[in-house]
Amino acid sequence: MADGRRVTSADVAREAGVSRATVSYVLNDSPHQKIPEATRQRVWDAAARLGYAPSAAARALRTGRSEIVLGLLPDWPIEHVLGRLIQQLTNAFAEDGLTFLVHSSAHPARPLRDIWKAMTPAAVLALQEFDDLEAEAMRAAGIEVVMGMHGSMQGELRPSLVSEQPIGALQARHLAAPHRRLGYAYPDLPGLDVLAQPRLDGVHKVCADLDLPEPDVRTVPLDAAGAAEVVKAWLAADPPVTGICAFNDNVALAVLAGLSQLGLRAPQDLAVIGVDDIPNASLAQPPLTTVVRDTDAIARGLARRVVDTLNGKQIPAEPLRDELMIRVRESA
């Protein structure tokens, strides 16, 4: 306003020539209120002219619900794929009028309890499972939805919302026809076990189904010299490993670097397949074959399950539908 004070719903009511209750009903899209469309439009036009923005705190008091969804990030590297997922979750929640805020548990972050107590979000979405006692404390404090992307939800034993096992299975099936002994390139970061172990389980299952030897699992450091030592061990195995399912593209690129340091090349000496199709995958030498997943669909699915739970709807117990495909390049 011209005098610099904050525009209120009373100002909008005066501008539109209606009651404050009518303004509240219209701007909050209150159900079961029979307000003529012309009146609704007049209120929206008045709010737009005055630049009215409802107070988030007032809205939370009025509706009994915060508009914040707190995203809990584990101590993972925030790189291309995770950054993209955070942005897509932000967009998906915004479509339902919710604000997605993230908190990383990477040291020396403030304790999680300090964070959720300070904002009392409507929902908490953890990208991995979290402590049951912490989840119970959140619910006792009035947080309506406590959901884990890779773990329990509302204290129930449920399948992960996003399944990682099909990724490893797809990698193994892609390599299994020409390669009778597979290896698995495990990440050199314990915090990634929640993703890496199910992917490895998928590789194990395909090897068992196809009557192949169990995969040769080795941790691959993200440096060429360390990766070269792992490559040598795979090639010296009996029978030798000829195809590698890597946890993700970064680990796959380390395997390619290890091969290069030994004067070897994929796929002639060792075929390699990654996961995520990061920008550097197509620039590798040779370009990296990789599993691609639709992270936007995952983000929208996660947001929908949170919103549906907030609205009291039953949500499916099975994981989200995760469309996977392989981008075939020269490495495998």
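Good morning. I begin with Asp 211, which counts as exposed because its relative accessibility is 70%, where exposed means over 50% relative accessible area, buried under 20% and partly exposed in between, with a 1.4 Å probe and protein chains only. Please note that this is a predicted model, in which local features need pLDDT of at least 70, side-chain atom pairs count only at pLDDT 80 or more, and totals for chains, interfaces and linings use all residues. Residues are numbered from 1 along each chain as its sequence is written, and side-chain values use heavy atoms, with hydrogens and water left out.

Asp 211 is not a glycine, yet it has a positive phi of about 60 degrees. It sits in the loop between helix 9 and strand 6; helices (H or I, at least four residues) and strands (E, at least two) are DSSP runs numbered from the N terminus.

Is Asp 276 buried or exposed? It is buried, with a relative accessible area of 13%. Its place is the loop between strand 8 and strand 9 (289-293).

Let me return to strand 6 and its partner. Strand 5 (residues 182-187) pairs with strand 6 (residues 216-220) in the parallel sense, over 5 bridges; two strands pair if DSSP finds at least two bridges between them. Ala 185 has Arg 218 of strand 6 as its bridge partner. Together with helix 9 (residues 193-209), strands 5 and 6 make a right-handed β-α-β unit. Right-handed here means that, with the strands pointing away from the viewer, the path from the first strand over the helix to the second runs clockwise.

Strand 1 (residues 68-73) is joined to strand 2 by 6 bridges, and Leu 72 stands opposite His 103 in strand 2. In general, strands of a sheet pair through backbone hydrogen bonds, either parallel or antiparallel.

Finally, two cis peptide bonds. One runs from Asp 238 to Pro 239, with omega near -5 degrees, and Pro 239 lies in the loop between helix 10 (224-236) and strand 7 (243-246). The other runs from Ala 266 to Pro 267, with omega near 0 degrees; Pro 267 is found in the loop between helix 11 (249-261) and strand 8 (271-275). Thank you.
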